[in-house]
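Let's take a walk through this model together, strand by strand. Have the sequence and the 3D view ready.

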Amino acid sequence: NKGLLNGPAVTYNAMGKTESKGSYNNGKPDGKWEYFHPHGAPMRTCEYKEGKLFGNSVIYNERGKPIEECNYVNNKRDGLYVRYNEKTGKVMLKQIYKDGKVKEVLEGKPIP
């Protein structure tokens, strides 16, 4: 484990604003991470397990409104995926993933 990152980590952009914060375990992102737009609004919250996306992920536009929510298992989309209209916040697409592949479209039309 010599030289591997362990514990809390925070990175900053050129303007001194927080860019990301989370934790490492044996050099890999582990647990909840938060990423931020250059002006400081949230850009993404997600969870990692041994360096792979595992759990809920939410992506935000520059105004801090959610534009995409998805569950991950082992770096692949798995479970409910929802895409929102950036301007209105209304659901544009809702579908179910299993092991990274679309299994069912619940609402809207998939983007090719």
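## The opening hairpin

Strand β1 (residues 7-12) and strand β2 (residues 18-25) run antiparallel and are joined by six bridges. Strands here are DSSP runs (E, at least two residues; helices are H or I, at least four), numbered from the N terminus, and two strands pair if DSSP finds at least two bridges between them.

A word on the model itself: it is predicted, with local features needing pLDDT of at least 70 and side-chain atom pairs counting only at pLDDT 80 or more, while totals for chains, interfaces and linings use all residues. Residues are numbered from 1 along each chain as its sequence is written, and side-chain values use heavy atoms, leaving out hydrogens and water.

## Around β7

β7 (residues 55-60) is joined to β5 by two bridges, and these strands run antiparallel. Here T45 stands opposite V58 of β7.

β7 also pairs with β8 in the antiparallel sense, over six bridges. Y60 faces P66 of β8 across this pairing. β7 and β8 form a hairpin with five residues between them, where G64 in the turn has a positive phi of about 85°.

## The nonpolar core

Which residues make up the largest nonpolar core? They are A9, W33, C46, Y48, L53, C70, Y72, Y81, L93 and Y97, 10 residues in all. At least two residues of this core come from each of β5 (42-49), β8 (66-73) and β10 (91-98). Such a core is a set of buried Ala, Val, Leu, Ile, Met, Phe, Trp, Tyr and Cys residues joined through side-chain atoms within 4.5 Å, where buried means under 20% relative accessible area with a 1.4 Å probe, protein chains only.

A contact means heavy atoms within 4.5 Å.

## The whole chain

Zooming out, the protein chain has zero helices and 11 strands. Its C-alpha atoms fill a box of roughly 50 × 30 × 20 Å, taken along the principal axes. Of its 112 residues, 28% count as buried.

Among contacts with a separation of 6 or more, 5% are between residues 24 or more positions apart.

Note on methods:
Buried < 20%, exposed > 50% of the residue type's maximum accessible area, 1.4 Å probe, protein only.
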